[in-house]
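I opened this structure to see how its chains meet. My notes follow in the order in which I looked things up.

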Amino acid sequence: MKKIEVVSGLTLLLLILVGALGILQMHTHPIIPIEPFESAEGIPWRLLVALYVFFVVSTTGLCIIASLGEVFGFTKLEPIVKEGLLMALVTILVGLMTIGLEIEQVMRGYFALIGHVNTTSVMFWMIMFYVLYVIFLVVEMWFYFYDDLIKQREEGGLRGLVARILTIPKASDTKDFAKVIGFVTVFTAIVAHSNLGALFGVNYLPFWHGPLLPVYFILSAIVSGAALTVIGVYITDYIRGVKIEGERYEAIQMLRVILGFAIVVTIFFTAWKFVIKAYPNSTLLSRESVIPFMNGEFAFNFWIMEVLVGLFIPLILLAAPQTGRKAEGVFAASLLTVIGIFFLRIDLVMGGLVLKLITGMTFPSPVYHPFEIMATVGFFALTIFLYYVGYKLLPMEVRE
Amino acid sequence: MNRRDFLKLIAGFLPAVALVRGQSAVDSEKSYVMVVDVNKCIGCGNCVVACKTENDVPMDFKLSRTWIEGYSIKEKIPIEESDIRKEVLSTSKNPFLDKSWIETTKGRKTFYVPKLCNHCANAPCVNVCPVYARFYTKDGVVLVDKDTCIGCKYCIVACPYGATFLHPEQKVTDKCTFCYHRIKKGLKPACVLACPTGARVFGDISDENSEVSKLVKENRVAVLKPEEGTFPRVLYIGLDSYVVE
Amino acid sequence: MVEVKRKTMVLGLGFAALVYLVLFFYVFGFAPMITSSSQSKWVEIELSKEPKFSDTEICKECHYQLYIGMKNHSTVNCEACHGSGVEHTIKRSSDTIVVDKTRDACLKCHLDVEGRDVIETVNETHHAGVYCVVCHDPHR
């Protein structure tokens with residue numbers, strides 16, 4: 001392995017260790033003694049839940065984009081399907097790990113799957129459908145990579161071993177089977193994802209209530225899926241030292257169109273959501289729920305990070321031909337979009353809870369506890385690390 | 001499986017039944033209710049101390065299964081935020097003894113509202129718990145199965161009254177149980193016992209001769225947030241419209 | 001969708017349908033049995049908890065004189081001021097019951113904050129620094 005790989009691998013492992021330490025501290029120090037974070041006690045869903053939502057939206061989006069190329073015949077997107085599928089698998093696994101470590105009783109996490117079932121709980125159905133999604137995604141990837149794995153059997157070392165374990169030499173129609181399962185996977189992903197939206201939508205909190213959130217989440221998934229696919233493809237080719245041209249360039253241009261269009265729809269959604277909630281005819285609670293975003297404690301998160309960095313600047317970068325025609329420009333726009341989307345998750349989860357009365361404890365400002373920030377860093381590092389490991393072991397590179 | 005499980009299996013396939021799972025009134029023997037008279041509450045906090053002692057909630061913890069909200073209002077239309085002062089008592093130290101509360105409330109309309117879990121007949125917390133750790137007993141009390149709770153905190157988010165919280169030592173969610181272990185032995189809940197003015201009254205509303213039935217018949221009672229459709233079991237006498245939640 | 005052979009389509013969708021069916025039968029058939037048994041177990045655990053407050057009638061058995069002498073505080077439960085009495089009914093010693101004679105114990109209810117129309121209140125300047133029980137007997 002090259003020296004740069006060793007160094008970056010070790011850095012990632014160190015960051016993962018930091019994250020593990022953060023999680024451990026979170027669970028063993030419940031009464032947070034650090035002064036400004038005491039009010040965090042009263043907030044039920046904080047940074048880690050927002051991170052979980054981020055990962056899960058990413059995985060759905062990545063699956064949708066990959067399915068556009070694989071299942072629905074967008075031939076221009078075919079070159080990036082492999083990266084998309086691998087990223088989808090990595091993000092859902094890390095996402096499930098995030099929520100598994102966020103709940104207070106980590107050891108009882110399996111209760112949500114085995115035995116203790118509440119059919120009226122939207123959260124339960126979301127977990128069930130995401131587990132099904134993981135099963136279908138793994139099966140789809142297995143069969144999609146099958147032909148290339150058979151070619152990889154010849155190789156030596158770990159790659160060859162993996163390929164030999166996963167395949168038998170005689171198999172046919174595997175790519176078509178993968179396509180059928182791919183359809184089921186994206187169907188399950190969309191069902192599970194709209195359950196996540198409904199999880200927020202059934203609450204009485206005015207910022208969340210209503211049928212809008214499941215639809216908005218699917219839209220947001222398309223934005224983040226397209227953005228993350230671009231990021232993944234660009235960074236992968238950059239590290240391989242390959243210039244993006246030809247088929248991959250066409251794929252990135254198609255993603256540019258999809259991302260641009262999805263951002264426009266998102267701007268439309270967001271604008272009307274806030275205007276209607278803030279309108280004098282809306283209920284008092286609706287109007288109060290948007291005050292933190294307009295000029296309250298969440299104003300920085302909303303106006304600068306979510307709207308400017310997350311929506312407007314990427315749109316300009318994508319639309320302008322000087323930047324949009326270059327792969328670098330699309331990459332920059334996608335990076336900004338993803339950062340904006342991360343803050344959008346925080347705004348949605350924590351900003352919605354601002355009006356929450358928990359025996360008189362309301363919190364006006366977003367509270368990021370240091371342990372949670374450590375855990376977040378660890379989870380991101382884990383995602384990159386797993387993607388790297390997957391990339392090395394699986395037959396990802398397109399045979400010229 | 002017995003007949004009940006089989007019926008549940010069949011009923012599970014009907015989404016309409018699965019979606020509206022309120023508590024069935026058919027097989028209940030009693031129907032517990034608490035009537036709170038806001039006119040009588042003096043904000044002394046005895047109920048909070050007694051509840052924490054009875055139910056193993058740490059005294060110095062900021063949250064409690066039951067709490068008191070003190071309202072001090074300068075009546076005006078339209079009222080502004082500065083005209084309403086709201087304080088919460090949920091610890092053993094009584095904040096109503098401090099100077100700033102006494103200063104603010106001088107000459108204004110002031111009253112104290114004791115609050116607790118409403119044990120709703122269509123409880124949002126029961127509907128959303130992913131592991132079914134919250135359930136109805138036959139007499140209408142909503143209990144938390146602490147051996148099943150995984151601490152996902154969805155119930156805390158879903159409760160419109162903010163009645164449930166995360167227990168700091170047990171690491172599961174906790175809430176008022178109407179002192180189920182006491183009422184089944186014929187005793188009264190700890191908060192009812194500790195109230196010096198008799199502002200809290202507990203009983204069985206399906207029994208016509210109980211005190212709660214008489215109070216409900218003779219007084220105008222209100223519930224918190226009726227528009228949520230939770231059908232709460234805590235009825236308030238003398239509730240002011242500024243108590244919006 | 002892209003063209004696939006019918007056999008592959010049937011195989012794929014059949015596999016998916018099988019997985020979904022297993023899920024639904026598990027959710028609606030098998031799992032409710034586990035939840036109802038854990039819930040009834042919890043009700044038993046809940047009912048086995050020991051109460052920490054008893055009833056006024058028990059205090060009456062030993063402290064009859066104090067009990068019948070009460071006029072103003074007769075509607076107040078003994079344990080509201082004296083704390084949990086369960087240990088005291090067993091050990092019957094003075095260190096197992098709370099006897100708080102400080103001003104705060106009385107002012108907790110009787111301080112003249114607004115909103116206390118149903119009881120007699122007093123200002124905190126009334127003989128500041130002197131314990132209330134020096135002049136006022138709480139058991140009367």
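The model is predicted: local features need pLDDT of at least 70, side-chain atom pairs count only at pLDDT 80 or more, and totals for chains, interfaces and linings use all residues. Residues are numbered from 1 along each chain as its sequence is written, while chains are lettered from A and ligands numbered from 1 in the order in which they are written.

I looked up the geometry next. Helix α7 of chain A, residues 174-201, packs against α1(C) at about 40 degrees, with the axes 9 Å apart. Axes are lines fitted to C-alpha atoms over the stretch in contact, and angles run from 0 to 180 degrees between N-to-C directions. The two helices, α7(A) and α1(C), are therefore oblique (under 35 degrees is roughly parallel, over 145 roughly antiparallel, 65 to 115 roughly perpendicular, the rest oblique). Helices here are DSSP runs of H or I, at least four residues, and strands are runs of E, at least two, numbered from the N terminus.

Then I turned to chains C and B. Chain C gives 32 residues to the contact and chain B gives 46 (contact: C-beta atoms, placed from the backbone, within 7 Å). On the chain C side, α1(C) gives the most, with 11 residues.

Last, I checked chains B and A. Here 36 residues of chain B touch 30 of chain A. On the chain B side, α6(B) gives the most, with four residues.

Key
Contact = placed C-beta atoms within 7 Å.
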